[in-house]
Amino acid sequence: METIDAINPASVAHQLPPRTPALLTCGTIDQQVPCHTTTPLAVALERAHTSGPGRIVLAGVAHDLADPANPDVLAPATLDALRQFMRCGTRRE
């Protein structure tokens with residue numbers, strides 16, 4: 001954990017090449033990484049001109065991205081975010 005905590009995600013995001021595909025999600029019931037703590041990373045990804053849908057807030061989803069009613073599968077909101085990200089990657093600009 002010390003090694004992981006030594007990395008500042010926003011600093012890493014600033015180093016990404018423009019148009020790097022990126023997806024940032026946060027769950028509204030995530031107690032480990034609440035949505036408000038992801039703002040610096042969302043801003044850094046935007047400033048790095050990454051591609052993708054940006055930050056997607058997952059309503060009713062916790063840190064494990066699972067469906068609270070069925071913890072063995074990804075939440076529908078998680079699957080929707082992944083689909084949206086995949087659609088962004090298939091666009092030709």
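Trainee: Which residues does Thr-38 touch, not counting residues up to four places away in sequence?

Mentor: Contact means heavy atoms within 4.5 Å. By that rule Thr-38 touches Leu-24, Cys-26, Val-33 and Arg-55, with residues up to four places away in sequence left out. Before going on, note that this is a predicted model, where local features need pLDDT of at least 70, side-chain atom pairs count only at pLDDT 80 or more, and totals for chains, interfaces and linings use all residues. Residues are numbered from 1 along each chain as its sequence is written, and side-chain values use heavy atoms, with hydrogens and water left out.

Trainee: Where is Thr-38 found, and is Thr-38 buried or exposed?

Mentor: Helices (H or I, at least four residues) and strands (E, at least two) are DSSP runs, numbered from the N terminus. Thr-38 lies in the loop between β1 (21-27) and α3 (39-47). For burial, the cut-offs are under 20% relative accessible area for buried, over 50% for exposed, and partly exposed in between (1.4 Å probe, protein chains only). Thr-38 has 6% relative accessibility, so it counts as buried.

Trainee: How does Asp-80 come out on that scale?

Mentor: Asp-80 is partly exposed, because its relative accessible area is 44%. Its place is in helix α4 (residues 76-90). The C-alpha atoms of Asp-80 and Leu-58 are 9.2 Å apart, and the two residues are 22 residues apart along the chain.

Trainee: How many disulfides does the structure hold?

Mentor: A disulfide is a pair of cysteine sulfur atoms within 2.5 Å. The structure holds one. It joins Cys-26 to Cys-35, with an S to S distance of 2.2 Å. The link of Cys-26 and Cys-35 is right-handed, with 105° about the S-S bond. Both Cys-26 and Cys-35 are buried.

Trainee: Which residues make up the largest nonpolar core?

Mentor: A nonpolar core is a set of buried Ala, Val, Leu, Ile, Met, Phe, Trp, Tyr and Cys residues joined through side-chain atoms within 4.5 Å. Here the largest has seven residues: Ala-10, Ala-13, Ala-22, Leu-24, Ala-42, Ala-44 and Leu-45. The elements that give two or more residues to this core are α2 (9-14), β1 and α3. The largest share, three residues, comes from α3. A second, separate core has five residues, including Ile-56, Val-61, Ala-75 and Ala-81. Returning to Ala-13, its contacts are Leu-41, Ala-44, Leu-45 and Ala-48, again not counting residues up to four places away in sequence.

Trainee: What pattern does the protein chain follow along the sequence?

Mentor: The pattern is α-α-β-α-β-β-β-α, with four helices and four strands. The C-alpha trace spans about 40 × 40 × 20 Å along its principal axes. Of the 93 residues of the protein chain, 26% count as buried. Among contacts between residues at least 6 apart in sequence, 67% join residues at least 24 apart.
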